[in-house]
Each structure stands twice: as structure tokens, then as C-alpha cells.
Amino acid sequence: MKKWLLLALTLLPSLAFAEDTLNTGDTAWMMMSAALVLLMTPAGLALFYAGMTRSKNVLNTYAMVLGAFVVAFVAWIVAGYSMAFGDGGSMQSFIGGFGNMFLNGISWNDLSGSYPTYVFVVFQGTFAAITVAIASGSVIERIKFSTWLVFVAIWTIVVYAPITHMVWGGDGALLFDAGALDFAGGTVVHMNGGLAGLVLAFLVGKRAGYPKVAMKPMNVMLTALGAALLWFGWYGFNGGSAFGANAIAGLAYLTTTLATAVAAITWILIEWFIYKKPTLLGAASGVVAGLVAITPAAGFVDVTGAIIIGSVGSVIAFFGVAILKKKLGYDDSLDAFGIHFLAGLWGALATGLLALKDNDLLWDGPLKESGDRMGQFMVQVESVVVVGIFTLVGTVVVYYIAAALTGGGRVDEETESVGLDEAVHGEKGLNL
């Protein structure tokens, strides 16, 4: 279990600890990283999404993100962690098994390299929670809250955990053995959550009146604040994925900051050129697009790579939000697919093209083994195809199960018209 983590730790010459020996600096950093990633969901993503929602649905949007976090984390402890990082036996290629359900067999003083295993469990649990929360942005304002919570619980175990295992699950896991590089979750988190959102958008259907009725954001300032909190939390997301207070975490800090800044500038310039007015909403979207794009590559690229990934990622996400969605006519309410899937896809592929040939950074793959960059790129292609197919099929199945258990997945016309805040939660965002 967690062989990939122990292997990665032994390959980092800058670390001054022995395997399975507690290091207080690494422990403190990983605990802080988990807290930062936690902040990204019930604060950062929730505000980012809520600000873009119509005022009659703002509380429901926030509740969907918060609900996703708490339900997904419990599902992670119950079975998700075991299926992601446990020993899968004959099914090791695709799933980690059930031996560690409810963290059975893991003691409070067990270590994952240089810090407690329980910290690793919490850190990875925050990843699981934000992944499914991302998908909520595609179906706000019309999905049943009960359906959503049931979907979250099942999807975390049935879809997220196997994908995590295939990419990060260690020796014998399908994509890990192939040498796929995903530093902090381009495929596992952003492609996975973004594509799940698009699938849900098609299954639940468009909002009433879309696209003919104007659906203006409730408060762009909330969205900008959410983007800032996401950026802040992302240092735990990417920096924590170095699994220690080390030089690779420092590299991830730099590339994350630079790629995000370049992406925000790129989005601003695109809007300025096309619409003659740079918007705050666009700048915030550029920030998130940059964060998403650099995630799979944060610990593998240098300054040049970060600039290329951030700028191109922003262009691709803008295309998805402003052009592709209109041409294809799907109602991805808050652009989970346009930003998270497309920028994550670009980042995953760009990792193969731009990763440094530095064996102290690379953990596996053709580039590390023989300097075969094209071979590494093809492995990256394989990883995005496998994740895409698994997410697509798995999300469809899980949605229909959740909808069947809750008497249909969509709210009725009256509830949608009145707004989910009052009809479902009995609350208003503002009582003036």
C-alpha cells in the first residue's frame, strides 16, 4: 500500500530523513497542506460558484458544494481510501480493494514515509471532496439536493477512487505502471470532475429559459473572492503533492504562481481584444484556468514550461467557455467542463511535452527511463483517454442510480421558477 509514495520519497535526494521515520517539518507541512486544500472547497469553490449563480439559487449552490465536501469525505473514509490506495490483489490494475475500509488495519502511529498515514488519508480525502464538488457547477439551479448528495456518496467510491488508484495507486495500477505523470491531479481531479459535470448537464437537462433568458451572476465580487481563496488553497494542493517540506514543493510553489498569473493576464487580454472590456469575472476565470492547467505539471516543469502551460491553458478554457459551449448548446452552468476539463486535459498532455528530463523530479515513465519524450506524451494520451472513458460511463451509471433512489433527478418546474433557496432550503441569501 502506498508503494508509489514511498518510492517517490526515496528518489528525492534533498530529503534529510530515512524511510518510515517521522519528520516533524514534513508532518507540519502536510497537515497545513490538507487544511489549505480543505479551504478550497467549502470556502473557495463555494464562493466562486455562488457568486456566478442567480440570486434565487445562491444558497443552494453553496450548499451543494458544502454538501459535496462533507459527504465525499465520509465516503472516502468508509471505502474510498481503501479502493484508491489499498492492495487490490488480482484487481490491482483497476482498484485497491476493500481491506482498509473504515481505515481498518491502519494505526494512528503508522507512517507514510515521513509523516503519519492518517495525515495522508485526510490530505487525499480533501482531493476526493473537491473533485466531485467541481461537477456541481454544471447542474446548479435544477438538480434535486437529495439526488446530488446520493450521487456524491456513490460517485466518490465508484468513480473517483478507482481513477485515483489507476493513476496514483502504485505498482500494478494501470496508469501508474504505464508511467503516467500527474503531479497533483490534472486527470484525477480536474478532468474527472469537469467531465462528470458535463455528463450531468446533459442528463439533467438545461435550465428553464436557457439560453434565451438572461442569467446574470448574483455577485461577481464573491466569485473573485472565491478565486483568490482557491489560489491560496492551491499552494497546499500542488505544494503538498511533493509530500514533504522540500525543494520540489518549492518548485511547485513557483510554477503554480507563475502559470496562474500568466493565465489571468492572458484571459484579460483576450477579453480586451474581443469585447473591448476586460471583466473581473474573466480575470477570476483566468486565475482558475491557470491553476487547473499547471496542476499535473507543477513539480515537473521550469519557468518556461509554466508560462506556456498557463497562457495556452487560459486560451483553451476561454474557447470552451465563450465559443464551444455556445456552438454545441449544452448548459454547463458555471463552466466546470470548459475550465476544469479542458484546461486539465491540456495540462496533462503538456506535462509530457514540457516536463524536464530530470530524474530527481520525474517519478516514472519513458522520459525518465530512456529520455523518450514522444513515448511519455503517448502515455499521457493513454491516461486522459482511460480517465475520460471511465468517468463518462461511471457518471452515467451513478446518476441513474441516484435519480432512481430519489424519485427523479430534477426539481419540478415550480421549484425551479421560485428558486431552490426558498423552495428547498427555506432561506434567502439576503433578507432586506
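Colleague: Is F85 buried or exposed?

Modeller: Buried means under 20% relative accessible area, exposed over 50% and partly exposed in between, with a 1.4 Å probe and protein chains only; F85 counts as buried because its relative accessibility is 0%. This is a predicted model, in which local features need pLDDT of at least 70 and side-chain atom pairs count only at pLDDT 80 or more, while totals for chains, interfaces and linings use all residues. Residues are numbered from 1 along each chain as its sequence is written, and side-chain values use heavy atoms, with hydrogens and water left out.

Colleague: How many aromatic pairs are there?

Modeller: Rings of Phe, Tyr and Trp (its six-membered ring) pair if their centres lie within 6.5 Å, and planes under 30 degrees apart count as stacked, over 60 as edge-to-face and the rest as tilted. The count by this rule is 26 aromatic pairs. W76 and F85 make an edge-to-face pair, at 6.3 Å centre to centre with 80° between the planes, and W76 is likewise buried, at 0% relative accessibility.

Colleague: Why is the pair of F300 and W363 edge-to-face?

Modeller: Their ring planes stand at 80°, with the centres 5.3 Å apart, so the pair is classed as edge-to-face. F300 counts as buried at 1% relative accessibility, and W363 is buried with a relative accessible area of 12%.

Colleague: Which residue lies over the face of F273?

Modeller: A charge sits over a ring if NZ of Lys or CZ of Arg is within 6 Å of the ring centre and within 35 degrees of the ring normal; here K276 lies over the face of F273, at 5.7 Å from the ring centre.
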